[in-house]
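Subject: A structure for you to look at

Hello,

Here is the structure I promised to pass on. Please open it next to this email and follow along as you read.

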Amino acid sequence: MSSDRFLQDAISPWMKKDGENSDIVLSSRIRLARNLKDYTFPLLASTEESYAVANYVSEVLQTDDHSVFGAIEHLKMDEMKTNDKRILVEKHLISPHLAERSKYGTVLLSEDESMSIMINEEDHLRIQCLFPGFELEQALHAASSVDDWIEEHVTYAFDEKHGYLTSCPTNVGTGIRASVMMHLPALAITKQLGRILPAINQLGLVVRGIYGEGSEALGNLFQISNQMTLGKSEQDIVNDLQDVAGQLIRQERGAREALMENSSLKLEDRVKRSYGILAYSRIIESKEATRRLSDVRLGIDLGFIENVSGKILNELTILTQPGFLQHYANSVLTPEQRDERRATLIRERLNMEEEKPAD
C-alpha cells in the first residue's frame, strides 16, 4: 500500500487533539515488546526466518480490522525510499532500528497514526500507542487492547516465571515502556534540571532526548520512561511514571510562575528575540531552531505571543528535521542547504499563523 499520506504532514492527526496538561506534556506513549513462540528472535534470525515472521503477522492481522483503530496500513521497509523511512522516524512512527533493517522490517499503521506495530525490530513485535498530553492511562488501555487483538491470532513467547521474553533483558517481564514527552523550558532557564534529572534516574526512570535512546535533548524536550520491566505490573510501572511526571509538571509550573513574578520583562525579551530570529532569519541550524522554538512555545503558553498556535512547537520541531526538509525540496540537500530551507520554512509557517483571521 502507499505510504504517501503518512509523509505529507508533520503533525499526525492524533497530535492535533488536546490532552491533559498539553502545554507541558506533549505526548504520552505506551510501547509493548512481544515475540512469537517457536520463532528465532530477530537479532539472531536468518533473512528467511525474518521474512517468514513478517509475512505471517501481516497476513493474520490483515484479515481482521481492530475495533478501535479500524483499517491498518502495511508498509514494508524494503519498498520504501531511504528518506521516506527517515520521515517516519522523525514522526515517531517507527524506530531508527527498524528503518535500518530495511530488508525484512514492516510497520502496521492506523489511519490517525496513533497506533503502530513494528515487525522485526529488536523484537518480533513492538506495539506502540500515542496520545496527546498527559494521557498515560488511555495509552495503556489502547495498547493493551491491541495486544489482546494480536494475541487472538498468534502465540507469544511467554514464561510463567519471567513473563514475556524479549531480546533485551531490560524488557523481560511486562515488556512495557511507558514514556512522556515533556517541554520543560522554565526549569532549564532557572537551572533546576541539573538537580532534578539525576534524581529521576535514581527512581528507576531514564531521561532521553526527543528521539529516545542515544538522542540529544534539544529544545528543552525530554522523553522520560521506565527503565526496567521485570518485577512490576504494567499498572505499577505507569503509576510510577505518572507520579514523577506529575511532580515535574508542578515544578515546571512553579518555575514559570517564579519567572513571571521576578523576571517578566527579561523573559518577554528573550521570547520575542527568539520569535524575531525565527521570523526573519535566512539561515538557521537545527539546534538553534529548536532552542528558539522552545522559547516561542513558552511565550505562547505565558501570553507573550498571541495569534500563534501552541502546537507550532510540535509541528516545526518535526517539520524542520532533515527528512522532511528533503521531502519538500524533492532532492538531497547539503547541511548548508538544509539550514537555508529550514529558515525559509519557519518564516513561511509563522507568516501563515499571523495571517489567520481572529476567532
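A residue is called buried when its relative accessible area is under 20%, exposed when that area is over 50%, and partly exposed in between, using a 1.4 Å probe and protein chains only. Helices (H or I, at least four residues) and strands (E, at least two) are DSSP runs, numbered from the N terminus.

Some ground rules before we go on. The model is predicted, so local features need pLDDT of at least 70 and side-chain atom pairs count only at pLDDT 80 or more, while totals for chains, interfaces and linings use all residues. Residues are numbered from 1 along each chain as its sequence is written, and side-chain values use heavy atoms, with hydrogens and water left out.

The whole chain

The protein chain holds 13 helices and 10 strands. Its radius of gyration is 21 Å, close to the 21 Å from the globule rule for 359 residues, so the chain is as compact as a globular protein of that length. (That radius is taken over C-alpha atoms, and the rule is 2.2 Å times the number of residues to the power 0.38.) Along its principal axes, the C-alpha trace spans about 65 × 45 × 35 Å. Of the 359 residues, 54% are buried. A contact means heavy atoms within 4.5 Å. Among contacts with a separation of 6 or more, 73% are between residues 24 or more positions apart.

How many of the six residues in β10 are buried? Six of them are, across residues 221-226. Two strands count as paired if DSSP finds at least two bridges between them. Strand β8 (residues 176-183) pairs with β10 in the antiparallel sense over five bridges, and Met181 stands opposite Gln223 of β10. Strand β9 (residues 205-208) also runs antiparallel to β10, joined by four bridges; here Val206 has Ser225 as its bridge partner.

Two residues with positive phi

Most residues other than glycine have a negative phi. Asn220, in the loop between β9 and β10, has a positive phi of about 55 degrees although it is not a glycine. Asn220 is buried, with a relative accessible area of 18%. Glu113 sits in the loop between β3 (106-110) and β4 (115-119), and its phi is near 65 degrees. Glu113 counts as buried too, at 4% relative accessibility.

Is Leu125 buried or exposed? Leu125 is buried, with a relative accessible area of 0%, and belongs to strand β5 (residues 125-132). Leaving aside neighbours within four places in sequence, Leu125 has contacts that include Leu32, Val57, Ile117, Ile150 and Tyr156. From Leu125 to Thr170 is 45 residues in sequence and 16 Å in space, C-alpha to C-alpha.

Glu336 lies in helix α13 (residues 335-355) and is exposed, with a relative accessible area of 56%. Glu336 and Gln235 are 101 residues apart in sequence, and their C-alpha atoms are 47 Å apart in space.

Enjoy exploring, and write back with any questions!

Best wishes
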